[in-house]
Amino acid sequence: MPDTSTASTGNTAIPSRRTVLAATAGLSAALAAGGTAHAGAAPGDAALRALVSRMTLAEKVGQLFVMRVYGHSATAPDQADVDANLKEIGVRTAAELIAKYRVGGVIYFTWAHNTRDPHQIADLSDGIQKASLELPRGLPVLISTDQEHGAVARVGEPATLFPGAMAVGAGGSRSDARRLGRIAGRELRAMGIRQNYSPVADVNVNPANPVIGVRSFGADPRAVARLVAAEVAGYQRSGVAATAKHFPGHGDTAVDSHTGFPVITHSRAQWETLDAPPFRAAIAAGIDSIMTAHLMVPALDDSGDPATLSRAIITGILREELGYDGVVVTDSLGMEGVRTKYGDDRVPVLALKAGVDQLLNPPDLDLAWNAVLEAVRGGELTEARLDASVLRVLRLKARLGLFRDPYAGHGGVDRAVGVAPHRAAADRIAERTTTLLVNEGRLLPLSRRTHARVLVVGADPASPSGTTGPPTGVLAGALGELGFTATALPTGTAPSAATVARAVAAAREADAVVVGTYNVTAGSGQRTLVEQLVATGRPVVAVAIRNPYDVALLPSVRAFLAAYSWTDVELRAAARVIAGRVGPRGKLPVPVPRAEDPAQVLYPLGHGLSY
């Protein structure tokens, strides 16, 4: 079949069903052995087992890897992406990656230039499927990404972007979580992404957690469990595999496993009470995949190994005690938390021995791939062990319809991605999440008659997806649409004395000030900024655009809102609350400790004022 992809966009002609079946002759033979060889059928378990039995060892090893690859096109990426691929992976393109290693999955990242726009993403997905299916005994590829929404989103606008998990936790609505999963899943599937590494099932009981925080639904294990189960149901109803992460729980750590090796000191009883419920709920909801955490839990395994490499945790607890027999995927194998004790050649082998199925994004694919191959040839891993994981991966692909119809095309994108009803649903969900923590003297809602001129200052962190923000501009624009005369003056996360002085001078010309705060600390320039703005005598409204814990360090503000993230949908909702267009309905999904004594609670779980 000729390659009809274009160099500019990677557009790929989608083979017909007949061509797909011809390109997968090995699969057809296996289906025939299983008695379900007719076109369009999803292969049954007997057919999948027969298929596994016909695969070469190298093909089996490949099916267990999920790999990054640079470029917007499977066959014609930009030269800079070709160079990056050659440097990091030893191939030029996604098509070469699949041909060389027969990888079972590909993960999309914004920074790898995989997600420029919905049509391009669909074309990339189709190009990857075409490259794989045209190989001898070619199999469909499971394409994945981290689309948590809120603070972590790889696919940006014009796709629909929803509030993040902690915002949804503040809303507390299972129907909203289910609707989010269903709509977001439908859009991902339309772009050829069939596995989403979401929802986060970690219970964020540590305000100092540097890596989870607002990515969690909250601090109440039962509430988190309900929302995890609801979001799982939504995603999987849309035909996308949801992934609960990070087992056995990453919510109580002050160390980021990307850069260090966290140790969770919960007792076994505490783990059962705090960490396990959301994962149990996900399993009960039929979760398709669960992601492991690169951290140590001595109460569950005192060997010193990270959970990803722990047979006691992955097989003993997750599979045997919790009864989970779906796909287990590692967190990225390039993270420091899994590389501290063992080399990059040992990590994938030990993960498979622990009971993992998918090996995500190793830093050196050739080293990892060959290490697994040699472990089987040398007897450290049995081929039967590989077969069990390959079968789980193929079952998931079959359940998602990838054997029946692996292609995306443009029609689904046009019908589903970023359409008006989806965006309206995101706005309605966001309106139920904004949380009013302080409102002295009933400052809010602001009146256009008495506070017509509004200055918006504060932090402008980078957009998670690269397509939203900046926050001060979004807030000012939204307030302007609501009838205020609003001006944006970005002051950053660490404003200098000169920047603070400019903001104070501008505040004196305004009727009210809205300041967006981002992870305020005791010695932060943001705290100085807010204190000096309050000293002008102008009413100050603070909006925490990430962690709600900021409120404890800003006791002088008369009104304080928690938005839980700095993406447009949450900021627009906060603006509507400030203006009184909607009332604040969110309730704190985490307790806020006192700044001077973190053992004491300033605002309890469930706190939230109304108008």
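I'm working with a predicted model, where local features need pLDDT of at least 70, side-chain atom pairs count only at pLDDT 80 or more, and totals for chains, interfaces and linings use all residues. Residues are numbered from 1 along each chain as its sequence is written, and side-chain values use heavy atoms, with hydrogens and water left out.

**Entry 1, a sheet.** I looked up an open sheet of three strands and got the order S7-S8-S9, with parallel pairing. For my own record: helices (H or I, at least four residues) and strands (E, at least two) are DSSP runs, numbered from the N terminus, and two strands pair if DSSP finds at least two bridges between them. S7 (243-247) and S9 (327-329) are the edge strands with a single partner each, so one side of each has no neighbour in the sheet. Neighbouring strands here are turned by 25° against each other on average, direction ignored (axes are lines fitted to C-alpha atoms, for helices over the stretch in contact, and angles run from 0 to 180 degrees between N-to-C directions). I counted four bridges between S7 and S8 (residues 289-292), in the parallel sense. Lysine 245 has methionine 291 of S8 as its bridge partner.

S12 (residues 453-458) and S13 (residues 485-490) run parallel and are joined by six bridges. I found valine 456 bridged to alanine 488 in S13. From S12 the chain goes through helix H19 (residues 471-481) to S13, a right-handed β-α-β crossover. Right-handed means that, with the strands pointing away from the viewer, the path from the first strand over the helix to the second runs clockwise.

Asparagine 439 lies in strand S11 (residues 435-439). Buried or exposed, I wondered about asparagine 439? Buried, at 16% relative accessibility (buried is under 20% relative accessible area, exposed over 50%, partly exposed in between, with a 1.4 Å probe and protein chains only). Its side chain reaches the backbone nitrogen of leucine 443 at 3.2 Å. Leaving out residues up to four places away in sequence, asparagine 439 touches Leu444, Arg558, Ala559, Leu609 and Tyr611; contact means heavy atoms within 4.5 Å.

The buried residues of H14 pack against H12 (311-321), H13 (336-339), strand S10 (359-360), H15 (365-377) and H16 (383-399). After H14 comes glycine 355, with a positive phi near 125°.

I get 34 salt bridges in the structure, each a side-chain nitrogen of Lys or Arg within 4 Å of a carboxyl oxygen of Asp or Glu.

- Lysine 353 pairs with glutamate 380, closest N and O atoms 3.2 Å apart. This one links distant parts of the chain, from H14 to the loop between H15 and H16, 27 residues apart. Lysine 353 is partly exposed at 34%.
- Aspartate 78 pairs with arginine 116 at 2.5 Å between the closest N and O atoms. The two sit in loops 38 residues apart. Aspartate 78 is partly exposed at 33%, and arginine 116 is partly exposed at 43%.
- Arginine 179 meets aspartate 176 at 2.9 Å, N to O. Both lie in helix H9 (residues 174-190), about one turn apart. Aspartate 176 is buried at 5%, whereas arginine 179 is partly exposed at 27%.

Technical notes:
Polar contact = N/O pair within 3.5 Å; in protein donor to acceptor, adjacent residues only side chain to side chain.
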